[in-house]
Each structure stands twice: as C-alpha cells, then as structure tokens.
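My entries follow in the order in which I made them.

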Amino acid sequence: MRALRRLTVRAKFPPQLDALADIVNNLRWSWHPDSQDLFESVDPQLWRACNGDPGKMLGEVSGERLAELARDRKFLRRLSDVGDDLRDYLTAPRWYQRRAEAPDGERLPTSIAYFSPEFGITEVLPQYSGGLGILAGDHLKAASDLGVPIIGVGLLYRSGYFRQSLSQDGWQLEHYPPIDPQGLPIKLVRRVDGEVVKVSLALPGGRTLVAQLWKAQVGRVPLLLMDSDIEDNDIAARATTDRLYGGGQEHRLHQELLLGVGGVRAVRAFCDATGTMPPEVFHTNEGHAGFLGIERIRELMGEYSLDFDEALQSVRAGTVFTTHTPVPAGIDRFPAHLVRDAFTDFGDVPVERVLQLGAEADPAVFNMAHMGLRLAQRANGVSELHGSVSRQMFGGLWPEFDTSEVPITSITNGVHAPTWMARELGELVEHELFSDDFTNIPVWTALDKLSDSDLWQLRHILRERLVVEIRRRLHDSARDRGLAEAELGWAATAFDPEVLTIGFARRVPSYKRLTLMLRDPARLKSLLLDPQRPMQIVIAGKSHPADDGGKQLIAQMVAFADDPAVRHRIVFLPDYDIGMANYFYWGCDVWLNNPLRPLEACGTSGMKAALNGGLNLSIRDGWWDEWYDGENGWAIPTADGVTDTEHRDEVEARALYDIIENQVAPRFYARDESGVPTRWVQMVRHTVSRLGPKVLARRMVGEYVERLYVSAAESARRLSADGFAAAKELAAWRTTVLAAWPGVRVEHVESFVEGDPVLGGALTLRAEVVLNGLRPEDVDVQTVFGTVDSEDRLSDVESSSLRLTEAPDGIARYEGEVALRRTGPVGYTVRVLPRHELLATPAELGVVATA
C-alpha cells in the first residue's frame, strides 16, 4: 500500500535548545564548519547516516537525546557560541553596508531580485542540475557574505532533477524520489494574519496556475521558491513544478511563465508581507526567467498608465541579463503560437509586441535569449572568452555593428570558497579569504607559512580522503548494478592514495567530450598501469534524461572502467552532487577539462579544484583561457580551424596523452630526498596563492554590484522619477529617431594629411551628414579607424567623435582629426550613431548609418 502524502515529524526541542532551530533553518550552516561540528556532536553516528543533513538528523534524533543535550553545559555553551555568531553574521554591517557609507553610497540599489531556474545551495536542497544552479547558489552565498541585499527567486521542484544510477551494462537510469517540503530547510511564507502567500497567473483555455511560496534562508539572503503542487490547481497545473527541466515544450513554457511572471508577483507579495525593500534591479540568470520583463511592463502600464514603449524603457533600465550559453542549441526556444496563447489576454500588453521581443529568423519560433537581451539594458557573458563568443553568437541582433561593439560585456564567474575549500586549507587562508578588496586582487601569502613537506602532507590527506570515498561509492554502485557481495572484495583496495589522481566531473553533453580520453584505449591503459608512474582517474556526471547520445558516452566510459585490468585505476561514480563534488575538488591532484573550444562558457569546477591546490589540465576555454599562466597547470593545445571533428578529437587526445606522460606524471613523481615533489608543490602553492583571490564568488558579486547593479539602479531611478517623465521622453525620442533613421546618411567625406602619412602624423576629416529632421544633439558622428585587409574590411578599430561645425539647411557639417598611431595598411570610415544620455551604449537602438 502506497502513502498518499508524506510528512516529517520531529521531536520537540526543549527550551534550552531553541537556538538549534534558528541555526538549522538558515542554510549558512552548509558553509559554516562550527555549525556542522555542532550538529555532528548531537549524534555523530546519526549525522553520518543522514549524510550531513541536520534537518533529517533532528527529525530522527530521540527525545531522550535532546533532553540529555539540554542538560549538557558544554553543548549549551557551543550552541550559544554558534547562535551568537549567526546573529552577528546576520546583523553586523558588511562590505555592502560599508560601501553604502562612502560618498557615492546612495548609488547602490536598495535591493536586487535574482531569478534562476535552479539553485545549488546544498545537496540537502536538491533544486539544481549542474553548473548554472551551482553558480546561482554561489552567487547568493557570496552576496550574503558581502551583505548585498539580494532576493533569490526560483521554483520548488517536488522531485528535484533526478537521482542517477547505472544498469548492469552501464546505461544511465533516472529516479525521481518524491521530496517532502516539510523535510527541507524551508518555510512557507505567511502574511501577518498567518495566511500562506500565494501567487497566480492565467493559463490559456481559461485555466489558472497557483503557487504557494516557500522561503529558504541563505545566510542574509531569502530564496523564494514557488510550488504548484497544491489543491488550488487542477492535476496538470499541480505538475508544473514537478521536475527540473522535465516535460515537453508546453510544460516547460508553463514553468518559465511561473518563474518569470509568477516570480515578480512572488517578490511583490513577499516584500508586502515582510516589509522587505522592493528591488530596484532585476537580474535574470539565463533566459528561463525572461518573462519577468513582460510582467513588469504589465505592472507599469496598469498602475502608471504608461504605454508599452514607455514601460519597456523603464523595465530595460533596471534589468540585467546573464547568458551562460555558448551554443545556439542551448537556448530555450518555444513555438511562437504557444507564447501567443499565453499572452493574448495579458492586461494592456499587446501580444504582438511580446512576440517581437522573442523574434528570430524563423517567425514560428520564440527565442528566450533574444527576449532577455531585448528586455535588458545590460547583459554579460561569464568569462572573457564567453563574452566574445556571445557577441558573435548574438551579433545578428545588432547587424550594423562590429562584433566588438555588440553590447554584451563579461564578468568571469567565481566560486564560493567557504563551500568548496577543504577545511584544512580554508583555515590557513581564512583571513585573506574574507578580504573585501575586489579591485586590487592581492596574492595570498598564507601558504608561505607552510613548508613544502607540510603542504605535500596536507595534499596527501585530502587525496586519501577522496580514495576512501571512492571505495565506498564504488562498492555501493557495483552492488546496485547486480554484483554479489562476494564479488566486491577488489573495491576495498581500488585506487591508491599514493598515486597521481585526475578528476573529471561535469554534465555530459557531447561538446564536453567525456570520452576524449578513450580515443586510444591502449595508450590510456598504459598510462593508468605505468609501473613507475601510474595514474588513476575518477569520473562523474549526469546526462539529461532525453539525451541518449550523452547516455551512450557514459556507457562507453563505464564499459572501459569495468575492465578488471584497470577497474582499480579508473571509475565512473553515479549520482554526482554537491556532496560527492567536494571530495573530488579536495582530493584530485589534476582537474581535467577538455571541451570543444570555445563551447565552455566558464567551467567553474576547475576553479574549485584550484582553490584546493588541484592543477588544471584543460583546453584553453572559459575561465582557463584568461587565467592560465604556465605555472598553475597545463593547457591542452587545440586544433582550432580543423573542421573534421574526428580528426580534431584525434589531434587533441594525442596532445592530452603526451602532456600527461611527459609533463604531468614526471613532475608528480620527481621527489627530493625527503620524498616531496618540490616542483609539483611549488605549482600547488602558486595555484592557490595566485588563482585563489581571482576565482572567488565574492570578487564576482562585487563586480556585478560595481559594474552592473549600480548603473542599472541609477538608470531605473532616472527613468521612473517625476512620474516616469524620462521614460516617456526616451520612448518618444526612440520613436522619432527610428522613424527618421532610414533617411539619415553620410553625404560626403573628404580627408587630407599634411605631407606624407607617417607615424605620429594626423588625418584630418570633414563630413557632411543628412540628419533627416533630427537635431545634431540626437546623433554622434564618428570616424572609425583601423587596420584594413585586402577587401577593405576594418579590424582592431578605434572610434572618435567628430565636432559639429555648422548645420544649415538640414545638412550638418563635422570635422576632426585622427592620430596616426599605427603603421601598415590602415583605413577609415565615417558613421552616424543615435545619441542620448540615457542610452547605456551607442549600439542600443541597433541602427547606424555608414559612409
């Protein structure tokens, strides 16, 4: 007989232990060692059995044990200390509050809403699938550490993503265990009268989707999670939040409508219920939440009687869009007719204008990333290389501009060191770890206090910890695949804490090339079993349930690892999650990453390994492309330009084998008289000291604040002031400029150089421009100067504005000089751009007139 519903019943805390509830209900415990130690002391055996889940443990601990702890003065002192520390953490001024006291502190936004389809905070709250969610979780944690007033917004999936196991033949199997929200570290959001806060939105066909609002407290940051599995909904609507990235297109669209439209309504309801300052900035982490902009437009049109264009300008000003997608196939695209049905009756918002926001070349398709970019005045990629890739990928939205001028910047991702750094290393660099210096990134010096021998011993301890965990998980996985206990004796001695250990763990789409290392199985086997310099590889990762190609890659890897000749040296561990990942990052000597360049947006797993002294062995993609320095690991050469993927894989796999055999393994096994690989240890020391400060999520969030959130808040304030006067003026100006633009043209250009064109000289330019009724102050007339190729195409360009000399009879005349600062073939042109003080970039309107 199956249960209809499930719930979690806990013993009641004695009054002396009330502070335990506060500590367990704030997810700060997931990155706070003292809190974890406190929980473990409640019942060490039960703590381990519950896999470090304090809520689950306290749900199973006996009333007798709680009564005993209530009389234990030592435990009560520890409880008081941890409780006091949490209160200080939540109330004391932090970086953001100190920043607000600076002379320009009023520029900071009062609050930021951060939307994401997934959040990886802790394995106890399984609401994530991979890097996007882990990044979102680290963003919230770092914001909490800095005191940044962020409100997280997401969905509560009743079955999470999925639990992964392997069949006997190595095929990925998915399991969706039901999740009891009452057993999670979350609470329903209630109004003062005790009523649960709910949000609703209309669905096509006269249906309504209702979601109740849960809150997870992530340090100082509230994370709002919407849950549709309630009796207010019909059966189909209840299933909206069943699984992360599950279901067909209509199901996914309903999830994203709830995340975007419902998310804005959830933020409004939460702020009303709790007195929280409403957000000035809305940040959407990928395009999944993009409909938040449509809802905000509807709000402004209804509440302030703005027209669509006026509301659009106001919404754009306060919106930030981050893309993590390096390939068009990774973008959410929906049939346009489904979006039309969803917004046909959406207040005063014209559905045709909604469809224009998501338009692409195929009129039958609605593109969520295109909508995200059109609704956000500020957008960014997540590494320098990914910013460049994004400008190329989305350049079609700004067809008249050079790729370098496409208005997508980059902020390189970071990772939350207190979550991912081994405790032993974290304690060594604790003082430097929490520095508020983001602009002048210092070199960490804490490891200078450790001798090479002590640092090597620490790395050995972490590797040994990983080996113990591998053996445990390998045993359990093999048993689940049907092996008898009598066949599993070898698992107890698999892997060796003295052997060079390489880690590879990530999602399994084809471009990440899980099986590149299998390109030459015989050579890989020889590297694993080398009698003098062996290596071992631990691998993990999930393939999307609908991706049979990814599952096939996993099956190939498992088949190789099942070979009795190598199964003690290579393993694929199923069910990769935060708990498993930490052991990987702590213990691996080398972190392997071999995507097809440039398709890795960032690749933060390598950052986490680097924080623990792991050396990266990676294709120069994502963050590694900008921060590889020759001493923090190895760069795998790429066969850029080779279009035959089989040949490219062959070339890059051979390079991978060569580096391991001739550089990595020799350096790891080259020991001094005391058994320490001094050159290896120096690379470890260099990696932690130099990369550590760069890869922090604190640095990342600080950059978001200073580079994007502040300017977005300022723009939003300017456009909403005085009854949205600036928004109305900007919308009218855009309409005027776009209507006149087809007739704007550069009529005539003349130029001359005094004497010969030599380095240090100057090119004088004069241009006549037809403004077609626009005012001179509406435009910026520029000269664009750069290197020129055989087909007169400009590259490596620089631009400068020409000065207006006169504007009679609708013909404006401009002139200026260009310094000749480069040799070789150069060229120039003159162009006209729209100009307005409220534009974030000259490319914002997407129009330009060129001579």
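The entries below go from the whole chain to helix pairs, then sheets, then single residues.

**Ground rules.** I am working with a predicted model, in which local features need pLDDT of at least 70 and side-chain atom pairs count only at pLDDT 80 or more, while totals for chains, interfaces and linings use all residues. Residues are numbered from 1 along each chain as its sequence is written, and side-chain values use heavy atoms, with hydrogens and water left out.

**Whole chain.** I noted 28 helices and 28 strands in the protein chain. These are DSSP runs numbered from the N terminus (helices: H or I, at least four residues; strands: E, at least two). Along its principal axes the C-alpha trace spans about 95 × 70 × 50 Å. I then checked the radius of gyration, taken over C-alpha atoms, against the globule rule of 2.2 Å times the number of residues to the power 0.38. For 851 residues a compact globule would have a value near 29 Å, and the chain has 29 Å, which agrees.

**Helix pairs.** I recorded axis distance and angle for each pair, as two packed helices are described by these. Axes here are lines fitted to C-alpha atoms, for helices over the stretch in contact, and angles run from 0 to 180 degrees between N-to-C directions.

I looked at α10 (residues 249-274) and α13 (residues 336-343) and found axes that come within 11 Å and cross at roughly 45°. The two are therefore oblique to each other. For the class names, angles under 35 degrees count as roughly parallel, over 145 as roughly antiparallel, 65 to 115 as roughly perpendicular and the rest as oblique. The crossing of α10 and α13 is right-handed. A crossing is called left-handed if the near helix is turned anticlockwise from the far one by less than a right angle, and right-handed if clockwise. On the α10 side I listed Glu250, Leu253, Leu257 and Val261, which meet Leu338, Val339, Ala342 and Phe343 of α13; contact means heavy atoms within 4.5 Å. By class, this contact of α10 with α13 has seven nonpolar, no polar and one charged residues. The classes are Ala, Val, Leu, Ile, Met, Phe, Trp, Tyr, Cys and Pro as nonpolar, Asp, Glu, Lys and Arg as charged, and the others, Gly among them, as polar.

Next I took α20 (residues 452-480) and α23 (residues 578-587), whose axes come within 8 Å and cross at roughly 145°. The crossing of α20 and α23 is left-handed. Arg459, Leu462, Arg463, Arg465, Leu466, Glu469 and Arg473 of α20 meet Gly579, Met580, Tyr583, Phe584, Trp586 and Gly587 of α23. I sorted the residues of this contact of α20 with α23 into six nonpolar, two polar and five charged.

The last pair was α21 (residues 521-528) with α26 (residues 645-669), where the axes come within 11 Å and cross at roughly 15°. That makes α21 roughly parallel to α26. Their crossing is left-handed. Arg523, Leu524 and Leu527 of α21 touch Arg654, Tyr657, Asp658, Ile660 and Glu661 of α26. This contact of α21 with α26 divides into four nonpolar, no polar and four charged residues.

**Sheets.** I counted two strands as paired if DSSP finds at least two bridges between them. Eight bridges join β21 to β22 (residues 762-770), and valine 753 has leucine 763 as its bridge partner in β22. In the hairpin of β25 and β26, which has four residues between the strands, I found aspartate 809 with a positive phi near 55°.

A further open sheet of four strands runs β24-β23-β27-β28, also antiparallel in its pairing. Its edge strands are β24 (794-801) and β28 (849-850), each pairing on one side only. β27 (residues 826-834) and β28 pair over two bridges, and arginine 831 stands opposite threonine 850 in β28.

Most residues other than glycine have a negative phi, and most peptide bonds are trans. Which residues does a cis peptide bond join? I found arginine 597 and proline 598, with omega about 5°. Proline 598 is in the loop between β18 (590-593) and α24 (605-611). I also noted aspartate 575, with a positive phi near 65°, in the loop between β17 (570-573) and α23.
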